[in-house]
Amino acid sequence: MARPMTMAEKILAAHAGLDEVEPGQLIECDLDLVLANDVTAPIAIKTVREITDRVFDPERVVLVPDHYVPNKDIKSAEQAKIVRDFAREQGVTHYYEVGCMGVEHALLPEQGVVGAGDLVIGADSHTCTYGALGAFTTGVGSTDAGVGMATGKAWFKVPETIKFVIDGKLAPGVTGKDVILHIIGMIGVDGALYQAMEFTGSAIEALPMDERLSISNMAIEAGGKAGLIPVDDVTRAYMDGRVERPYTAYYSDEDAEFARVIEIDAADIVPTVAFPHLPSNTRPVAEARDVRIDQAVIGSCTNGRLDDMRQAAAVLRGRKVHPDVRCIVIPATQQVYRQCMEEGLMDVFLDANCAVSTPTCGPCLGGYMGILAAGERAIATTNRNFVGRMGDPTSEVYLSSPAVAAASAVLGHIGLPDDLEPVACAADAE
Amino acid sequence: MEFKGTVHRYGRDVDTDVIIPARYLNTSDPAELARHCLEDLDAGFVEKVAPGDIIVAEENFGCGSSREHAPIAIRAAGVDVVIAKSFARIFYRNAINTGLAIMECPEAVDAIADGDVVSVDADAGVITDETTGQTFTAQPFPPFIREIIEAGGLVNRWKARLG
């Protein structure tokens, strides 16, 4: 009988060919997938070439140009070309060209490339997003990813797990984004350093998959190595008929050892905004109404999925973005973009005077498509608000849910959907 | 490996966006990245840093993005070793993999001042503040990490393994 283990430990043990592992143990694992993007893949590709002529399995290498594509400048075009040429040469099946691509961490779950029980490394820190599917997936640098592409293997130090139990009912308007901002505000940006986070409880079970993905996505902002959510009916309904390989649900044993168990009453979580310049610098939105904004960004791997678009559109329907604000909406994948059109959300965004972009990471990391001038402020549904993250080093980024970002875009300052004047003739706008 | 240089001291949560802002990530050329190293945190860093200098910082150095451009930029700017109270996980791996020496030593970080001259014996884990004469011992690397460092990085370790 193996020692009681957490779901993170079980996934790592299974991929190391071991019956059991324990925190601190250094293991070598077989990888299900290795991911990189147009910024990180060029260095990873160099690494591959130093070791071998062929990737370990062209069906298990995933290359998603998403950060600076459609190419923002000549240098970006060269980087994207390196990735494209490599994908063709190696016969990489999961290469997503402009027109098919999306923001990687929205795209892979949507396309069924990743599933429960998988072990995935990606040369992008938000690779932890897929923990919401019950997978152990973690961000690494380009060299680790390159070695992974060449060999199919990576070394891991088995992390301890912090278990979060969030019981109760979230208030209306409180989303997965507010849950994770609340947690990061509570434990700090290194509160889960070198540790896995496991999110459980009735409030998590009640969340749709898109909001769960937002929670796991930001595990890294607490220093977490992975952000796992146990598989349940919601996960299965999302994965069945979508995931291209068989999947396995792993659950923490009842007597598994956790580094900490943190219990949170869902009723204590309110719509939350993270002030500059750390995601842990959180305050209730209700206490941030004096912050005027110049821009709102709704999108990214954190909040660029269909439910996010619907929540933003529900606020923007029949309203106009404040004349002092630029509101940029970026559906994270082609499929989300198309669904927005089919559901009429594009009309809502355009009628509200939003700019709607093709999928890209663009403004989230200060690449392009919405860069801030000196002293400007943005509210964004993205994941980081470090100094200079979205532009000039004196600009400021405030992190929030899509509904709060949309409401703020209309108000011209940070605020709640409830702060808005009711829409006249709402029935006509439907 | 032994290092000696002048200390540039910073606070906690030095993130990879300030180490190398994403607006420069349209290249992975080390020399180009070095020209913008730490510019959003300390605009004068690139001008004042000299080859062999040392960065000292508090907790969670290198948090945020997985960009390996961060340790590459630091090393290309001339810094051979970073001493911190703790490192963010991905940066820790990236530093080991790219040959940037890192040391965890909270006592040294508390004692060393900006501008001090510090010498480091990375193999023994000994840090000496030459300005004050104080000596500190850093957390030793686990044997497995030491193996990667001694092999000259992760790629060389794999090349040796695959023959």
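Q: Where does Leu350(A) sit?
A: Leu350(A) is part of helix α13 of chain A, which covers residues 345-351. Keep in mind that this is a predicted model.

Q: And is Leu350(A) buried, exposed or partly exposed?
A: Leu350(A) is partly exposed, because it has 13 C-beta neighbours inside 10 Å. The cut-off for buried is 20 or more.

Q: How far is Leu350(A) from Asp418(A)?
A: In space, 22 Å from C-alpha to C-alpha; along the sequence, 68 residues.

Q: OK, switching to the peptide bonds. Which one is cis, going into Pro70(A)?
A: That's the bond from Val69(A) to Pro70(A), with omega near -10°. Pro70(A) is in the loop that links β3 (61-64) and α3 of chain A.

Q: What about the bond from Pro276(A) to His277(A), cis or trans?
A: Cis, with omega near 0°. His277(A) is in a loop too, between β12 (272-274) and β13 (282-284) of chain A.

Q: Let's talk sheets. In what order do the five strands of the open sheet in chain A come?
A: The order is β4-β3-β2-β5-β6, and the pairing is parallel.

Q: How many bridges join β2 to β3 in chain A?
A: Four, between parallel strands, with β2 made of residues 33-37. For a specific pair, look at Asn37(A), which stands opposite Val64(A) in β3(A).

Q: What follows α5(A)?
A: Gly152(A) does, and its phi is positive, near 75°.

Q: How many residues does each chain bring to the contact between A and B?
A: Chain A has 40 residues in contact with 36 of chain B. On the chain A side, the elements that give two or more residues are α2 (41-51), α3 (74-90) and α5 (142-151).

Q: What kinds of residues are on that side of chain A?
A: They divide into 17 nonpolar, 14 polar and nine charged.

Q: Now chain B. How many helices and strands does it have?
A: Eight helices and seven strands. Its C-alpha atoms fill a box of roughly 45 × 35 × 25 Å along the principal axes.

Q: What is the radius of gyration of chain B, and what would a compact globule have?
A: Chain B has 15 Å, and a compact globule with 163 residues would be near 15 Å, so the two agree. Buried residues make up 50% of chain B. Of the contacts in chain B with a separation of 6 or more, 67% are between residues 24 or more positions apart.

Q: Which strands does β1(B) pair with?
A: Five bridges join β1(B) to β5 (residues 117-121) of chain B, and those two run antiparallel. Three bridges join β1(B) to β2 (residues 54-57) of chain B, and that pairing is parallel.

Q: Which residues face each other there?
A: Glu2(B) stands opposite Asp121(B) in β5(B). His8(B) has Ile55(B) as its bridge partner in β2(B).

Q: Which residues touch the most other members of the largest nonpolar core?
A: Val82(B) and Ile83(B), in a core of 202 residues. The element that gives the most to this core is helix α14 (residues 402-411) of chain A, with eight residues.

Q: What is Val82(B) in contact with, leaving aside neighbours within four places in sequence?
A: Its contacts are Ile55(B), Ala57(B), Phe61(B), Ile74(B), Leu100(B) and Ile102(B). As a general point, nonpolar side chains tend to be buried together in soluble globular proteins.

Q: Last topic, backbone angles. What is phi of Asp13(B)?
A: Near 55°, a positive value in a residue other than glycine. Asp13(B) is in the loop between β1 (2-9) and α1 (16-19) of chain B. It counts as buried because it has 23 C-beta neighbours inside 10 Å.

Q: And where is Leu38(B), and what is its phi?
A: Leu38(B) is in the loop between α2 (30-34) and α3 (45-48) of chain B, and its phi is near 60°, again positive in a residue other than glycine. Leu38(B) is buried, because 24 other C-beta atoms lie within 10 Å.

Conventions
Residues numbered from 1 in each chain as written. Chains lettered and ligands numbered in written order. Predicted model: local features only at pLDDT ≥ 70, side-chain atom pairs only at ≥ 80, totals over all residues. Contact = placed C-beta atoms within 7 Å. Nonpolar A, V, L, I, M, F, W, Y, C, P; charged D, E, K, R; others polar. Buried ≥ 20, exposed ≤ 12 C-beta atoms within 10 Å, placed from the backbone. Rg over C-alpha atoms; globule rule 2.2 N^0.38 Å. Core = buried A, V, L, I, M, F, W, Y, C linked by C-beta atoms within 7 Å. Pairing = 2+ DSSP bridges.
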